[in-house]
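Let us go through this model slowly, asking at each step what lies behind the words used to describe it.

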Amino acid sequence: MNTALVTGGSRGIGRATSLLLAQQGYQVAVNYRQNAAAAEDVVALIRQQGGKAFTVQADIADERQVVAMFEQIDRQSGVFTALVNNAGILFQQARVEQLTAERINRVFATNVTGSFLCCREAVKRMGHHYGGQGGAIVNVSSAASRLGAPGEYVDYAASKGAMDTLTKGLSLEVAAQGIRVNGVRPGLIYTEMHADGGEPGRVDRVAPAIPMQRGGQPEEIARAILWLLSDEASYITGTFIDAAGGR
Ligand code: NAP
């Protein structure tokens with residue numbers, strides 16, 4: 001059985017992705033940082049539907065915790081073939097002149113360093129040069145990497161720009177090792193993340209300015225992620241799907 005890791009799999013886009021991956025026959029490692037109950041709910045739902053899943057707690061910004069998480073995955077049966085770098089954070093809407101080094105570093109530690117560390121551990125398990133069977137990585141970036149998120153969170157947008165460059169560079173490093181690396185850039189999606197930015201109703205406020213006139217659902221992003229991971233996308237690497245309603 002193929003095993004997939006979804007970081008931040010306990011809610012929002014990660015939750016929807018975990019459920020879809022399990023329906024496609026993957027054993028899913030559902031990562032979370034603090035909300036164990038939410039992650040257990042996802043695993044329980046997958047099992048109810050006849051799928052296989054387990055939770056893995058780790059703060060992806062912490063190198064030792066990332067290494068321990070992958071060791072935990074190694075101890076399960078199954079072949080590790082898929083990584084979804086989905087966990088990401090943002091903070092209260094603010095202008096650049098209000099940002100502190102502490103905040104910027106926290107955003108980058110999770111969104112950028114965390115994604116790098118998970119890629120590193122995944123490549124060591126999937127790469128032909130390590131004796132692996134190959135596999136695929138999808139980095140969940142954001143339309144913000146193109147738009148910059150002015151007046152809201154340029155730090156977050158810049159971290160997503162770094163993720164896009166990671167996607168490009170790593171895809172070229174491991175293309176000959178049987179690993180494909182792609183990105184999905186969601187637009188405004190109905191999840192709890194916007195409350196972390198201080199505006200729970202942000203999607204509905206901005207929706208009229210989206211060409212498709214609506215926000216997106218987590219499942220609409222999950223389907224793009226799933227497709228990039230699948231054999232349907234077997235000749236596709238180092239590229240991005242903008243899933244943002246035309247934004
Ligand atoms: P969300 O609802 O806020 O969920 C975030 C998930 O990430 C939670 O499961 C959380 O676990 C986990 N997480 C946060 N920090 C972590 C860490 N350091 N280590 C491990 N897990 C961590 O997020 P979302 O809206 O679904 O977004 C998912 C991804 O899509 C993010 O990368 C985000 O930037 C991107 N995105 C979202 C939107 C949008 O409109 N929602 C748009 C563009 C891009 P705990 O709850 O346990 O902390």
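Q: Why does Thr 110 count as buried?

A: In this predicted model, Thr 110 has a relative accessibility of 10%, and because buried means under 20% relative accessible area, Thr 110 counts as buried. The residue is found in helix H4, and, leaving aside residues up to four places away in sequence, Thr 110 touches Ile 60, Ala 61, Gly 88, Ile 89 and Ser 115.

Q: What makes Ala 87 buried or exposed?

A: The relative accessible area of Ala 87 is 14%, and since the cut-off for buried is under 20%, Ala 87 is buried. Ala 87 has its place in the loop between S4 and H4.

Q: How do you know which residues Ala 87 touches?

A: A contact means heavy atoms within 4.5 Å, and by that rule, not counting residues up to four places away in sequence, Ala 87 touches Thr 7, Gly 8, Ile 60 and Asn 111. As for Asn 111, it is 24 residues apart from Ala 87 in sequence, while the two C-alpha atoms are 7.1 Å apart in space.

Q: What makes the phi values of Ala 149 and Gln 213 worth a remark?

A: Phi of Ala 149 is near 50 degrees, which is a positive value in a residue other than glycine, and Gln 213 likewise is not a glycine but has a positive phi of about 65 degrees. Ala 149 is found in the loop between H5 and H6, whereas Gln 213 has its place in the loop between helix H8 (202–206) and H9.

Q: Why is Ala 149 called buried, and why is Gln 213 called exposed?

A: Ala 149 has 8% relative accessibility and therefore counts as buried, the limit being under 20%. Gln 213 has a relative accessible area of 56%, and because exposed means over 50%, Gln 213 is exposed.

Q: How do you know that the reach of helix H9 is close to the expected one?

A: Helix H9, residues 218–229, has twelve residues, and from its first C-alpha to its last it reaches 17 Å, which is close to the 16 Å expected at 1.5 Å a residue.

Q: Which residues of H9 are buried, and what do they pack against?

A: The buried residues of H9 are Pro 218, Ile 221, Ala 222, Ala 224, Ile 225, Leu 226, Leu 228 and Leu 229. These buried residues pack against helix H1 (12–23) and against the strands S4 (79–85), S5 (135–140), S6 (179–186) and S7 (240–243). As a general point, an α-helix has 3.6 residues a turn, so residues three or four places apart point the same way.

Q: What is the volume of the largest pocket, and which residues are closest to its centre?

A: The largest pocket has a volume of about 1000 Å³. Its lining is made up of 47 residues, and the closest to the centre are Arg 11, Gly 88, Ile 89, Met 193 and Asp 196. By class, this lining has 22 nonpolar, 15 polar and ten charged residues.

Q: What lines the second largest pocket?

A: The second largest pocket, with a volume of about 360 Å³, is lined by 16 residues, of which Tyr 26, Arg 180, Leu 229, Ser 230 and Asp 231 lie nearest its centre. S4, S5 and H9 are the elements that give two or more residues to this lining, and by class the lining has five nonpolar, nine polar and two charged residues.

Methods:
Residues numbered from 1 in each chain as written. Predicted model: local features only at pLDDT ≥ 70, side-chain atom pairs only at ≥ 80, totals over all residues. Heavy atoms only, no water. Helix = DSSP H or I, 4+ residues; strand = E, 2+ residues; numbered from the N terminus. Expected span 1.5 Å × (residues − 1). Buried < 20%, exposed > 50% of the residue type's maximum accessible area, 1.4 Å probe, protein only. 1 Å grid on protein atoms, 1.4 Å probe; cavity = no way out; pocket = protein on both sides within 12 Å on 5 of 7 lines; lining within 4 Å. Points joined across faces, edges and corners; volume = space filled by probe spheres on them. Nonpolar A, V, L, I, M, F, W, Y, C, P; charged D, E, K, R; others polar.
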